[in-house]
Amino acid sequence: MASHRVAPRRHSLLRRAVFRTLELGARALGGRAFYRRFWLARGRLVLREEVLRIPGLDPRWHGFTLAQLSDLHAGPFLARGDLAPAVELIGQRGIDLLAITGDFLTHRMEDILLVIDDLARIRAPMGRFAVLGNHDYRGRREPELIAACARAGIRVLVDEAVSLERAGAKLWLRGIGDLEEARLLDPMAGAQAIPQDEPDILLAHHPRAGRSCVRARTLAVLSGHTHGTQIDLPLLRRLGPAHPGLRYRSGSALVVVSRGLGVVGVPLRIGAPAELVFLRLECA
Ligand SMILES: [Fe+2]
Ligand SMILES: [Fe+2]
């Protein structure tokens with residue numbers, strides 16, 4: 001489905017060398033501990049509540065709550081144990097379902113092992129689901145990443161949909177491959193399995209999916225990728241991918257763009273704190 005695809009951002013060798021040098025320097029100076037203390041600790045991490053009031057929602061889905069984690073970027077600045085405050089906060093809040101919207105890692109597939117144990121501790125009675133982000137295709141080892149997730153009880157959705165049931169009422173969860181990096185992409189394949197009158201929630205790393213991959217009955221699209229610009233200052237905010245805002249409407253769907261939890265390049269966020277998103281459905 002070429003019309004849905006977004007051209008990958010490819011940076012020059014010079015620019016990549018500058019970023020890599022910055023990253024190595026920040027790492028040597030204790031960047032990970034700095035990031036953990038100032039952005040991932042309790043009281044620093046932002047808990048963002050999104051309440052979606054839906055006309056005609058089956059009352060059996062009233063109160064359904066999911067937690068969205070995005071852009072963990074395990075590797076230089078986020079590793080084993082750093083997600084513990086987020087995991088505890090989710091446990092205290094209580095959720096029905098966990099949704100992880102990609103960029104588990106920054107450089108190496110193995111780095112998912114740094115966060116998988118923390119993710120496996122999150123209690124979500126209706127399941128833990130994920131989609132891949134552009135960084136997750138590094139080395140083209142996504143089958144290994146998907147297998148590591150499966151061992152931890154996290155199901156990665158690739159252009160497919162699963163049905164969820166609450167007291168007999170159905171809602172679908174759809175997930176698509178990354179619009180920039182997936183080699184084979186058929187983002188509407190999952191939609192074909194869903195009866196026309198049944199609602200769905202879409203997980204898609206790239207926020208552009210909110211414009212091109214919704215159905216008439218899609219309630220919400222959960223995405224990430226932009227880190228909320230990560231450093232929200234003039235000129236610098238343009239270094240990252242285009243950020244459409246924290247939320248926008250596409251037809252009847254609310255598109256949520258998470259600022260995510262991790263970072264790339266430097267262990268720094270300005271005007272774009274790390275966050276957990278809680279999405280709650282309510283009858284209008
Ligand atoms: Fe990211
Ligand atoms: Fe991304």
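Predicted model: local features only at pLDDT ≥ 70, side-chain atom pairs only at ≥ 80, totals over all residues.
**Aromatic residues of helix α2**

The model contains 5 aromatic pairs. In one of them, the ring centres of F34 and F38 are 5.1 Å apart with the planes at 50 degrees, so this pair is classed as tilted. Both residues belong to helix α2, where F34 and F38 are 4 residues apart, about one turn of the helix. An α-helix has 3.6 residues a turn, so residues three or four places apart point the same way. F38 also pairs with W39 in an edge-to-face arrangement. Ring pairs join F34, Y35, F38 and W39 into a cluster. F34 is partly exposed at a relative accessible area of 36%, and F38 is partly exposed at 27%, whereas W39 is buried at 13%.

| Pair | Centre-to-centre distance | Angle between planes | Class |
|---|---|---|---|
| F34 and F38 | 5.1 Å | 50 degrees | tilted |
| F38 and W39 | 6.4 Å | 65 degrees | edge-to-face |

Helix α3 spans residues 84–93, and its buried residues include A84, P85, L89 and I90. The buried residues of α3 pack against several elements, among them α2 (31–40) and β12 (275–283). G94 follows the helix and has a positive phi, near 80 degrees. R93 lies over the face of F278, 4.9 Å from the ring centre. Elsewhere, the charged end of R211 sits over the ring of Y248, at 4.2 Å from its centre.

**The loop residue N134**

N134 is located in the loop between β4 (128–131) and α5 (142–151). With a relative accessible area of 13%, N134 is buried. Beyond residues up to four places away in sequence, N134 touches D103, D178, E180, E181, H205 and H225.

Key. Residues numbered from 1 in each chain as written. Chains lettered and ligands numbered in written order. Heavy atoms only, no water. Helix = DSSP H or I, 4+ residues; strand = E, 2+ residues; numbered from the N terminus. Buried < 20%, exposed > 50% of the residue type's maximum accessible area, 1.4 Å probe, protein only. Contact = heavy atoms within 4.5 Å. Phe/Tyr/Trp six-rings, centres within 6.5 Å; stacked < 30°, edge-to-face > 60°. Lys NZ or Arg CZ within 6 Å of the ring centre and 35° of its normal.
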